[in-house]
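I opened this entry to note what I looked up, one topic at a time. The model comes next, then my notes.

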Amino acid sequence: IQARAHGAIDRDIQSILKVRKRMHYGDFIWNDRSVPEGTVWVRVDLKSQLISVFRSGHEIGTAVILYGAEEKQTPDGVFPVIGKIKDHKSATYDGAPMPYTLRLTEDGVAIHGSDVRWGAATHGCIGVPLEFAKKLFSEVAKGDQVLIISDKGRAALPS
């Protein structure tokens, strides 16, 4: 309830995954056993560098992410998934592979598979481990919402 009141989430959560140890670059957890079908939404926390995937109010996946460098920051806010491209290559960055792309904005911000490692960054996108990206791609549909929380700990949520 407190997280919702402070703008850190925009809907109710029924359960979260048990993370038994500190996660590092490239780590992820995915467990959707016994979670009913239903609405999917994604929460990205830029400050903690974590993404969480929820279905029917239950967290089914979490991973350490990469995000935009200082010169091309990842925007915060609420974004619907506007496109899905399995084998996308960047038209802007020399054909860089962006597997399992979930496009969030018309100007190219997306969630996609990346080599998530220390010292790396994106050009405004959210990079996730490749196997996590594959699972996320199969779970998310066009129109599903992605909430991106900035380093201030909140996003501009719709009222």
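This is a predicted model: local features need pLDDT of at least 70, side-chain atom pairs count only at pLDDT 80 or more; totals for chains, interfaces and linings use all residues.

I looked up Y100 and F137 and found both buried, where buried means under 20% relative accessible area, exposed over 50% and partly exposed in between, with a 1.4 Å probe and protein chains only. Their ring centres are 5.6 Å apart and their planes stand at 65°, so I logged the pair as edge-to-face. For ring pairs I used Phe, Tyr and Trp (its six-membered ring) with centres within 6.5 Å; planes under 30 degrees apart are stacked, over 60 edge-to-face, and the rest tilted.

Residues are numbered from 1 along each chain as its sequence is written, and side-chain values use heavy atoms, with hydrogens and water left out.

Other rings. My search of the whole structure gave 4 aromatic pairs. W41 and F54 have ring centres 4.6 Å apart and planes at 10°, so they are stacked. W41 is in strand β2 and F54 in strand β3, so this pair ties together parts 13 residues apart in sequence. I found W41 and F54 both buried. I also noted a cluster in which ring pairs link F28, W30 and F132.

The chain as a whole. I counted 2 helices and 10 strands, taken as DSSP runs numbered from the N terminus (helices H or I, at least four residues; strands E, at least two). From the N terminus the order is α-β-β-β-β-β-β-β-β-β-α-β. The chain has 159 residues, and 45% of them count as buried. With contact meaning heavy atoms within 4.5 Å, I looked at contacts between residues at least 6 apart in sequence, and 60% of these join residues at least 24 apart.

Salt bridges. How many salt bridges does the structure hold? I found 3, each being a side-chain nitrogen of Lys or Arg within 4 Å of a carboxyl oxygen of Asp or Glu. E139 and R55 meet in one of them, at 2.9 Å from N to O. E139 is in helix α2 (residues 130-139) and R55 in strand β3, 84 residues apart. Both E139 and R55 are buried. R55 also bridges to D32, with the closest N and O atoms 3.8 Å apart. D32 sits in the loop between β1 (28-30) and β2 (40-45) and R55 in strand β3 (residues 50-55), so this bridge ties together parts 23 residues apart in sequence. D32 is partly exposed, at 30% relative accessibility, whereas R55 is at 4%. I noted D32, R55 and E139 as one network of salt bridges. R43 and D45 form another bridge, at 3.7 Å from N to O; R43 has a relative accessible area of 16% and D45 one of 14%.

Does D144 count as buried or exposed? D144 is buried and has no salt bridge; K84, the nearest side chain of opposite charge, is 7.4 Å away. (Lys and Arg count as positive, Asp and Glu as negative; His and chain ends are not counted.) D144 lies in the loop between α2 and β10 (145-149). A polar atom of the D144 side chain lies 2.8 Å from the backbone nitrogen of A141. Beyond neighbours within four places in sequence, I found D144 in contact with V40, F79, P80, V81 and E139.

Terms used. A polar contact is a pair of N or O atoms within 3.5 Å; within protein, one must be able to donate a hydrogen and the other to accept it, and residues adjacent in sequence count only if both atoms are side-chain atoms.
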